[in-house]
Amino acid sequence: MRCYSYRYSYRSALLTLMLSALCIESQATTHSLGIQRKLYGESIAYDMNASGQVAAVIKEKNGISHAVVLDKGKLTRLEGDGESESEAKRINEKGEIIGSAKRDGIWRAFIYSNANGRREIASLGGRHSYGAALNNSGTAVGFSDTPDGDWHAFIQKDGKAVQDLGTLGGKVSYASSINARDQVVGTAMDSEGYRHAFLYDEATGMRDLGTLGGKLSTATALNDHGVVVGSSETKDRRWHAFIHDGTRMVDLGAKIGFGDSFATGINNQGHVVGIVDVPDMRLAFVWRDNKMILHPSGKSLYLTNAINNQGHVIGASYDRGLNAATMPSNSVPFVDYGGSKILGFNMVFFGLALLMAIFRKRLKGIFYSDRLPG
């Protein structure tokens, strides 16, 4: 009979305890959208409307992506003749999709619908334009290069000429989302060269939303009430998810308590989704009803790209490759603590994560070193 030394038995027990802690109540379930990896390669869902139509991409082994729409199980590629690469970013309730496609090395934003086919969105005078989001009125936002080589956010209404949204004083801005009121969020460079989250509307122009104490921030989404989410650098140069209620920036990362966190979507109910990265580990989070819900990626989504008003979190799961999938935002949580209660858990969880990182490289020794002769 063989046995381990006491030292390694202790470490094995500790490892088992850590793994158990990460698995208890990890009941979040994802729903695959059925894009077969053997047939199409990896897949990522970016958005889904109330009718269940999905804007997604499929990816070749070399990483090249192709825009698709998934509608009632039917997958349609959105590339035109001569286009080598494309992306689909958002879909509205009318089934209109915004994305970008590459032909002869030049990227152009487009809007696609079954009824009207595809329409290109022009640039701001440069060679390229990229589509990022659109609302139910068909107003589109994105970013484009300018004749002098800068990159600026744009908005296009009613098929009219694209409008330059400007910057915060620097040379660069990117739009990432638009709501029903034609408010736009994104990231723009200020006069000192730092990139900050912005909120734009026609009446007040581009507004700097600030940071959580660091030098950088970025806004990724907003809802029809004007509530903005994104991520910001903190004083200690970590990245924390935030929610901005129009008056102040609230640190969601502090409510999580560990890792780097990034908010990626918000719906009209104010539910926020995103990801948390710690060494050797990723979690998905849902902030709803003043509670932070955490799911390990093995039990939930690896990427969270949006959350719709029906409560579906849209993104991709990971199992030796990315698979387009959704998850109910009210899935049974890994952790569901309100208020300050989560902080105590986070201290324990972060300690376990650190221990996992420390012992990860010693796992081989746990199983093969210091064995006593039997």
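Student: Which residue in β21 is the bridge partner of V228?
Tutor: The partner of V228 in β21 is H244. Strands here are DSSP runs of E with at least two residues, and helices are runs of H or I with at least four, numbered from the N terminus. This is a predicted model in which local features need pLDDT of at least 70 and side-chain atom pairs count only at pLDDT 80 or more, while totals for chains, interfaces and linings use all residues. Residues are numbered from 1 along each chain as its sequence is written, and side-chain values use heavy atoms, leaving out hydrogens and water.

Student: How many bridges link β20 and β21?
Tutor: Strand β20 (residues 228-234) pairs with β21 over six bridges, in the antiparallel sense. Two strands count as paired if DSSP finds at least two bridges between them.

Student: Which strands form the open sheet, and in what order?
Tutor: Four strands form it, in the order β19-β20-β21-β22, with antiparallel pairing. Its edge strands are β19 (213-222) and β22 (249-251), each of which pairs on one side only.

Student: Changing topic, which residues touch the most other members of the largest nonpolar core?
Tutor: They are I243, V272 and F285, in a core of 20 residues. Such a core is a set of buried Ala, Val, Leu, Ile, Met, Phe, Trp, Tyr and Cys residues joined through side-chain atoms within 4.5 Å. Buried means under 20% relative accessible area, exposed over 50%, and partly exposed in between, with a 1.4 Å probe and protein chains only.

Student: Which element gives the largest share of this core?
Tutor: β25 does, with four residues. Elements giving two or more residues include β21 (239-244), α3 (252-256) and β25 (281-288).

Student: And what does V272 touch?
Tutor: Not counting residues up to four places away in sequence, the residues that V272 touches include V229, I243, L252 and F285. Contact means heavy atoms within 4.5 Å.

Student: Which residues belong to the other core?
Tutor: That core lies apart and has 13 residues, among them V141, A153, I178 and Y200.

Student: Why is β11 described as largely enclosed?
Tutor: Six of the six residues of β11 (residues 129-134) are buried, so the strand is largely enclosed by the rest of the structure. β11 pairs with β12 (residues 140-145) in the antiparallel sense over five bridges, and L134 stands opposite A140 in β12.

Student: What about G138 in that hairpin?
Tutor: The hairpin has five residues between its strands, and G138 takes a positive phi near 90°.

Student: Finally, how many helices and strands does the protein chain have?
Tutor: The protein chain has five helices and 31 strands, and buried residues make up 53% of its 374 residues.
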